[in-house]
Amino acid sequence: PITYFKKMGITAYPLALCSILMLTYIIERAYAFYKARSRIGTEQFVSQITEALRNDNIMEAVSICEEAGGPLANVLKAGLLRYSQAMIEDKEITKEDIQEAIEEAGLLEIPQLERNLAVLGTIAVIAPLLGLLGTVTGMIKSFTTIALEGTGDPQQLAGGISEALLTTATGLTIAIPTMVAYNYFDARVSRFVLEIQQVSTEIINSLLLGRSGGGSAEA
């Protein structure tokens, strides 16, 4: 490995840094998404929330959110608390009010999911460019050897060509898994956002229907 590293020339150092950052942030993001999962399945979670709202038990729904954990539960909890506060203060509350509370909570949760993805995206772009830079410097070294000494020393000529090929291969080896990881995590974020939108709309409708139903019953 040390010989391999030396053969790549000066671009070996930034490529090594890219590989370390790649592994670090892929592991960090994988752990973050693992922690972001709800402790109970999404369908079961939504079912429990809906059942609690059907029984007009807002605080039970809030407790379910706290027990489940994760971005989805956190944003729904914000909407439920906004609704509960309006009920306690006997104020009118609209769908937009609850949606606003959910969106505000989402502004805190989504950046946590997107954290460090920009770093992975940058590594996926610059790693092959660094490899290309190493290729260029390696070829320059080879042609300089030819210009100064002719083709009489094949060992020096091969050294420059080897540097050119090694840096390109290393850059691509770093960039490919990084791009795969970036796209995977980005898709996970999009899935979380879509899930939050769908479930929050369902819960908001349940809240407002329950309130209007309660109002009709009282009338």
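Hi everyone, let's start with salt bridges: a search of the whole structure turns up 4 of them, each one a side-chain nitrogen of Lys or Arg within 4 Å of a carboxyl oxygen of Asp or Glu. Keep in mind that this is a predicted model, where local features need pLDDT of at least 70, side-chain atom pairs count only at pLDDT 80 or more, and totals for chains, interfaces and linings use all residues. Residues are numbered from 1 along each chain as its sequence is written, and side-chain values use heavy atoms, with hydrogens and water left out.

Let's look at one pair. Arg54 bridges to Glu51, with the closest N and O atoms 2.7 Å apart. Both sit in helix α3, residues 42–54, and are 3 residues apart, about one turn of the helix. Helices here are DSSP runs (H or I, at least four residues), numbered from the N terminus. Arg54 is exposed at 58% relative accessibility, while Glu51 is partly exposed at 39%; exposed means over 50% relative accessible area, buried under 20%, and partly exposed in between, using a 1.4 Å probe and protein chains only.

Now, which residue forms a salt bridge with Lys77? That is Glu66, with the closest N and O atoms 3.2 Å apart. Glu66 belongs to helix α4 (residues 58–68) and Lys77 to helix α5, so this pair ties together parts 11 residues apart in sequence.

Arg82 and Glu104 meet in a salt bridge at 3.5 Å, N to O. This pair links distant parts of the chain, from Arg82 in α5 to Glu104 in α6 (residues 95–114), 22 residues apart. Arg82 is partly exposed at 26%, and so is Glu104, at 40%.

Definitions and conventions. Helices (H or I, at least four residues) and strands (E, at least two) are DSSP runs, numbered from the N terminus.
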